[in-house]
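This briefing is meant for a reader meeting the structure for the first time. Please look over the sequence and the model before reading on.

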Amino acid sequence: MEHNAKQIAAKVNKSLDSLGVPVNSRERANILSKMLAISKPQAWGLIEGLAFPDTLVLKKLTSELEIKI
């Protein structure tokens, strides 16, 4: 199944919700960037569905956040 950036963002946000990460997008981007060792702008793009993650980030999402893609 093929996913787009908005679908990935929904899964990322749902996973962050289940971990108790604050809903404030700025805080969420800071936390996600640290969790995945990516830049804050890249984390922001993932959370907002503005950018599709590359292969390395997809692997991190599946392992760190246990997101099925």
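Predicted model: local features only at pLDDT ≥ 70, side-chain atom pairs only at ≥ 80, totals over all residues.

**Helix H1**

- Helix H1 runs over residues 5-18, and its 14 residues reach 20 Å from the first C-alpha to the last, which is close to the 20 Å expected at 1.5 Å a residue.
- The buried residues of H1 are Ala5, Ile8, Ala9, Val12, Asn13, Ser15 and Leu16, and because they cover an arc of only 160 degrees around the axis, they are on the same side of the helix.
- The cover over these buried residues of H1 includes helix H2 (25-36), helix H3 (40-48) and helix H4 (55-64), whereas the face of H1 turned away from its buried side carries the exposed residues Lys6, Lys14 and Ser18.

- The side chain of Asn13 makes a polar contact of 3.0 Å with the side chain of Arg28, and, with neighbours within four places in sequence left aside, Asn13 is in contact with Arg28 and Ile47.
- Ser15, also placed in helix H1, counts as buried at 9% relative accessibility, and when residues up to four places away in sequence are not counted, Ser15 touches Leu65 and Ile67.

**Packing of H2 against H3**

- Helices H2 and H3 pack at an angle of about 115 degrees, with their axes 8 Å apart, and H2 passes H3 in a right-handed crossing.
- On the H2 side, the residues that meet H3 are Ser25, Arg26, Arg28, Ala29, Asn30, Leu32, Ser33 and Leu36, while H3 contributes Lys40, Ala43, Trp44, Leu46, Ile47 and Glu48.

**Helix H4**

- Val57, Leu58 and Leu61 are the buried residues of H4, and seen down the axis of H4 they fall within an arc of 105 degrees, so they line one face of the helix.
- The cover over the buried residues of H4 includes H1, H2 and H3, while on the other side of H4 the residues Thr55, Leu56 and Lys59 are exposed.
- At the start of H4, a side-chain oxygen of Asp54 reaches to within 3.2 Å of the backbone nitrogen of Leu56.

- As background, most residues other than glycine have a negative phi.
- Ala37, found in the loop between H2 and H3, has a positive phi of about 55 degrees although it is not a glycine, and Ala37 is exposed, with a relative accessible area of 63%.
- Glu66, which lies in the segment after H4, has a phi near 55 degrees, a positive value in a residue other than glycine, and at 68% relative accessibility Glu66 counts as exposed.

Technical notes:
Residues numbered from 1 in each chain as written. Heavy atoms only, no water. Helix = DSSP H or I, 4+ residues; strand = E, 2+ residues; numbered from the N terminus. Expected span 1.5 Å × (residues − 1). Buried < 20%, exposed > 50% of the residue type's maximum accessible area, 1.4 Å probe, protein only. Arc of directions from axis to C-beta. Contact = heavy atoms within 4.5 Å. Axes fitted to C-alpha atoms, helices over the stretch in contact; angles between N-to-C directions. Left-handed = near helix turned anticlockwise from the far one by under 90°. Polar contact = N/O pair within 3.5 Å; in protein donor to acceptor, adjacent residues only side chain to side chain.
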